[in-house]
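Hi there,

Here is the structure I promised to pass along. Have a look at it first, and then read on for what turned up in it.

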Amino acid sequence: MSDTSNATHLDVLIVGAGLSGIDAAYHVTKAFPSKSYAVLEMRDSLGGTWDLFRYPGIRSDSDMHTLGFGWKPWKGAKAIVDGPDILAYLEEAAAENGIDEHIRYHHKLVHAEFSTEDARWTITVERTDTGETIELTAGFLWSTTGYYRYDEGFTPTFAGVEDFEGQIVHPQHWPEDLDYAGKRVVVIGSGATAVTLIPALAGSGAGHVTMLQRTPTYIISQPTYDRVSAQMYRRLPDKIAQKLVRTRYLTSRIAFYEFCQARPKESRALLRKLLERQLPDDVSFEEHFQPPYDPWDQRLCAVPGGDLFKALRQHTVDIVTDHIDRFTPKGILLASGKELEADIIVTATGLNLQLFGGATLGIDGTKVAPSETMAYKGLMLSDIPNFAFIIGYTNASWTLKADLVCEYVVKLLRRMDETGARTVVPRRDPSVTEEPFLDFEAGYVMRSIDSLPKQGATFPWRLKMNYFKDILVFRKPVEDETLEFSA
């Protein structure tokens with residue numbers, strides 16, 4: 001592929017150099033060696049989530065056999081791995097395929113305007129290092145920025161927060177020099193970040209850690225090491241082992257999700273049985289680990305090797321389920337009247353959603369409101385030409401969906417080349433009933449649901465959230481009655 005490091009017009013412009021952006025760039029590189037492309041990244045390094053988050057214990061709760069790319073199998077001994085290992089994997093994937101040479105760092109997409117007459121996007125970019133504004137053009141725009149804000153996390157308004165004499169930290173902006181050795185730490189939250197951070201703090205010098213939650217979360221242990229997969233890689237050819245290992249993981253995860261959705265009462269009982277085995281006698285399951293919703297109405301939290309439960313048994317961690325009344329000079333006063341004393345309070349209270357990295361879109365001078373569009377197959381927006389995005393699964397590894405979207409977009413671009421089409425756009429069917437884009441009750445989704453695109457009640461406007469069902473959709477020919485190709 002030719003050098004396009006300074007080109008002002010690109011055939012394909014990818015926004016975001018995280019996991020999805022690297023995946024997209026790989027597929028463009030391999031499918032279209034002669035097409036020009038670039039990856040815009042507003043930060044100074046690649047990796048997205050896995051470079052941004054630096055709190056102790058940062059890891060994925062998805063196994064690397066499915067979180068890793070389909071084109072670069074994960075062969076490590078650990079299935080659940082730490083953030084630095086994931087970042088190193090992404091850096092290696094980008095370097096091996098020359099993708100790193102196409103990344104333009106400190107480039108933040110501010111606005112993209114599509115011209116129907118010219119069949120191209122005009123891209124306004126802000127240089128985050130110099131403040132300079134530059135302009136690019138592109139034939140096809142592909143957003144791979146995920147769906148949450150990188151510059152701020154979500155923190156509720158707490159009464160009396162200014163009275164607290166200690167330090168308050170959000171995991172999304174973890175200070176490198178934070179000294180928590182021997183100190184009392186209260187972590188507010190019960191999601192994936194909290195259950196990751198808490199045992200890591202307890203195991204690396206904190207005096208005592210308290211998990212303060214308003215509502216319990218479903219938590220499940222899974223092995224850190226996968227001996228079965230290791231044996232497959234040891235005894236079988238790489239390609240066969242990769243397919244078997246990846247299929248084994250995604251089959252078991254999807255099957256468990258479908259079981260939870262179909263049989264919530266039985267899945268509740270199963271999760272309880274698995275968890276009660278690991279709790280110490282002085283920790284109440286009913287009080288601290290029994291959510292008021294069904295399994296997978298919100299994402300399950302996985303703890304590798306049961307590290308959270310080990311910390312509870314060792315009494316380096318305790319758990320409190322209560323509402324916060326207010327912050328005090330010495331800690332947190334709870335609705336029950338109890339006060340938790342703390343030197344450091346960590347607000348692991350969630351994320352803020354933000355589509356397309358905060359960029360705005362327009363067509364022929366008219367601004368587009370994403371909330372007024374409908375998502376086509378979960379990867380394009382109605383009536384917006386030459387545009388795609390990647391949002392992964394909420395119930396499985398993000399990359400499973402990203403890989404399928406990348407394959408589909410490649411087929412879309414190839415079909416445009418074959419037919420001489422300059423634009424492709426999904427045309428909305430007004431008879432299709434609107435539904436929320438994500439059928440998921442996580443707080444960060446519910447807070448922003450009105451700003452997201454809609455999905456439809458029927459195919460091809462409805463998301464499936466099932467990898468096996470999506471394979472049947474994404475690997476078919478791209479032509480259908482909804483897509484409009486135009487020369």
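A quick definition before the findings: two rings of Phe, Tyr or Trp (for Trp, the six-membered ring) count as a pair if their centres lie within 6.5 Å, and a pair is called stacked if the planes are under 30 degrees apart. Please keep in mind that this is a predicted model.

With that rule, a search of the whole structure gives 20 aromatic pairs. One of them joins Phe-158 and Phe-327, whose ring centres are 5.1 Å apart; because the angle between their planes is 20° and the limit is 30 degrees, this pair counts as stacked. The two partners come from distant parts of the chain, 169 residues apart. Phe-158 belongs to the loop between β7 (148–153) and β8 (167–169), while Phe-327 lies in strand β14 (residues 324–328).

Elsewhere, ring pairs tie five residues into a cluster: Tyr-26, Phe-69, Trp-71, Trp-74 and Tyr-89.

Rings also meet charges here. The charged end of Lys-35 is placed over the ring of Phe-32, at 5.2 Å from its centre. Arg-248 does likewise with Tyr-249, its charged end sitting over that ring at 5.5 Å from the centre.

Now for the chain as a whole. It has 487 residues, arranged with 13 helices and 27 strands. Its radius of gyration is 23 Å, which agrees with the value near 23 Å that a compact globule of this length would have. Along the principal axes, the C-alpha trace spans about 70 × 55 × 45 Å. Of the residues, 55% count as buried.

Leu-244 sits in helix α7 (residues 238–262) and, with 41% relative accessibility, counts as partly exposed.

If you have an interest in cysteines, take a look at Cys-301. This residue is in strand β12 (residues 301–304) and is buried, at 4% relative accessibility.

- The peptide bond from Phe-459 to Pro-460 is cis, with omega near 5°. Pro-460 is in the loop between β26 (454–456) and α13 (467–474).
- Trp-296 is not a glycine, yet has a positive phi of about 75°. Trp-296 is in the loop between α9 (285–288) and β12, and is buried, with a relative accessible area of 6%.
- Lys-377, also a residue other than glycine, has a positive phi near 55°. The place of Lys-377 is the loop between β21 (375–376) and β22 (380–381). Is this lysine buried or exposed? At 8% relative accessibility, Lys-377 counts as buried.

Happy browsing, and do write back with any questions.

Best wishes

Conventions: Residues are numbered from 1 along each chain as its sequence is written. This is a predicted model: local features need pLDDT of at least 70, side-chain atom pairs count only at pLDDT 80 or more; totals for chains, interfaces and linings use all residues. Side-chain values use heavy atoms; hydrogens and water are left out. Rings of Phe, Tyr and Trp (its six-membered ring) pair if their centres lie within 6.5 Å; planes under 30 degrees apart count as stacked, over 60 as edge-to-face and the rest as tilted. Helices (H or I, at least four residues) and strands (E, at least two) are DSSP runs, numbered from the N terminus. A charge sits over a ring if NZ of Lys or CZ of Arg is within 6 Å of the ring centre and within 35 degrees of the ring normal. Buried means under 20% relative accessible area, exposed over 50%, partly exposed in between (1.4 Å probe, protein chains only). The radius of gyration is taken over C-alpha atoms; the globule rule is 2.2 Å times the number of residues to the power 0.38.
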